[in-house]
Amino acid sequence: MRIFGRKNDKGIKVFAPVAGRVRKMEDVPDPVFAKKMMGDGFAVEPLNGNFAAPVAGELVLLAETLHAFAVRTDEGLEVLVHIGIDTVKLKGNGFSSSKSAGDKVAVGDVVITVDLDVVGPQVPSMMTPVIITNGDDFTVTEPDLDADGVPVLVATKTSKK
């Protein structure tokens, strides 16, 4: 994935999926995410348990344990939201969703609701990575760590030669 430091107004705007402090991917307390093994992006320290679509598109993944979901935009950008660290081990306890894989979602549509009082004490961190899983096909801006109601990053399809 190519990353440029400047924001642009064109392209696919990727928003934080939950209210909270935006962090660099390197700050995630899990090496799989911090070393960007699944792709680049950003993370959010959630202030509430309402995890929403960061982009508009099709819900292409809704983990059985509800700890993660992914949305693919019409342009093909794939964005994975992984709620917390080691949350898969909870097997869905404290998580709920009224969505299904294949549903169309708009930015801000709540996909998964988490009871942070139940889940938080059982996992190392609720920091939530937001990963561009097909970043080689897109040019992506640096995350705006001060984003609040505005896009955290913008992705533009890379032209193939």
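An open sheet of 3 strands runs in the order β5-β11-β9, and its pairing is antiparallel. Here β5 and β9 form the edges with a single partner strand each, so one side of each is left without a neighbour in the sheet. Strands are DSSP runs of E with at least two residues, helices are runs of H or I with at least four, and both are numbered from the N terminus. Two strands count as paired if DSSP finds at least two bridges between them.

Before going further, please note that this is a predicted model, in which local features need pLDDT of at least 70, side-chain atom pairs count only at pLDDT 80 or more, and totals for chains, interfaces and linings use all residues. Residues are numbered from 1 along each chain as its sequence is written, and side-chain values use heavy atoms, with hydrogens and water left out.

### The sheets in detail

Back to the sheet with β11: strand β5 (residues 50-52) is joined to strand β11 (residues 110-114) by 3 bridges, and Phe51 stands opposite Ile112 there. Strand β9 (residues 95-96) pairs with β11 over 2 bridges, again in the antiparallel sense. In that pairing, Phe95 has Val114 as its bridge partner.

Another open sheet has 7 strands in the order β3-β4-β12-β8-β7-β6-β10, with antiparallel pairing. Its edge strands are β3 (20-24) and β10 (104-105), each pairing on one side only. At the β10 end, 2 bridges join that strand to β6 (residues 57-62), and Glu58 stands opposite Lys104.

### The protein as a whole

The secondary structure comes to 2 helices and 14 strands. The radius of gyration is 15 Å, close to the 15 Å that the globule rule gives for 161 residues, so the protein is as compact as a globular protein of that length. That radius is taken over C-alpha atoms, and the rule is 2.2 Å times the number of residues to the power 0.38. Along the principal axes, the C-alpha atoms fill a box of roughly 45 × 30 × 25 Å.

Of the 161 residues, 48% count as buried; buried means under 20% relative accessible area, exposed over 50%, and partly exposed in between (1.4 Å probe, protein chains only). Among contacts (heavy atoms within 4.5 Å) between residues at least 6 apart in sequence, 69% join residues at least 24 apart. The protein exposes about 8,000 Å², of which carbon and sulfur atoms supply 48%; accessible areas come from the Shrake-Rupley method with a 1.4 Å probe, and for residues only the protein chains shown count as cover.

| Residue | Relative accessibility | Class |
|---|---|---|
| Val32 | 35% | partly exposed |
| Met37 | 56% | exposed |
| Asn134 | 13% | buried |

Val32 is found in helix α1 (residues 31-34), while Met37 lies in the loop between α1 and β4 (40-46). Leaving aside neighbours within four places in sequence, Val32 is in contact with Met37 and Met38. Val32, Met37 and Met38 make a nonpolar surface patch of about 270 Å². Patches are made of residues with over 30% relative accessible area and no salt bridge, where like charges are joined within 9 Å and nonpolar side chains (Val, Leu, Ile, Met, Phe, Trp, Tyr) within 5 Å. A salt bridge is a side-chain nitrogen of Lys or Arg within 4 Å of a carboxyl oxygen of Asp or Glu.

Asn134 sits in the loop between β12 (128-132) and β13 (138-141). Again leaving aside neighbours within four places in sequence, Asn134 is in contact with Gly76, Leu77 and Glu78.
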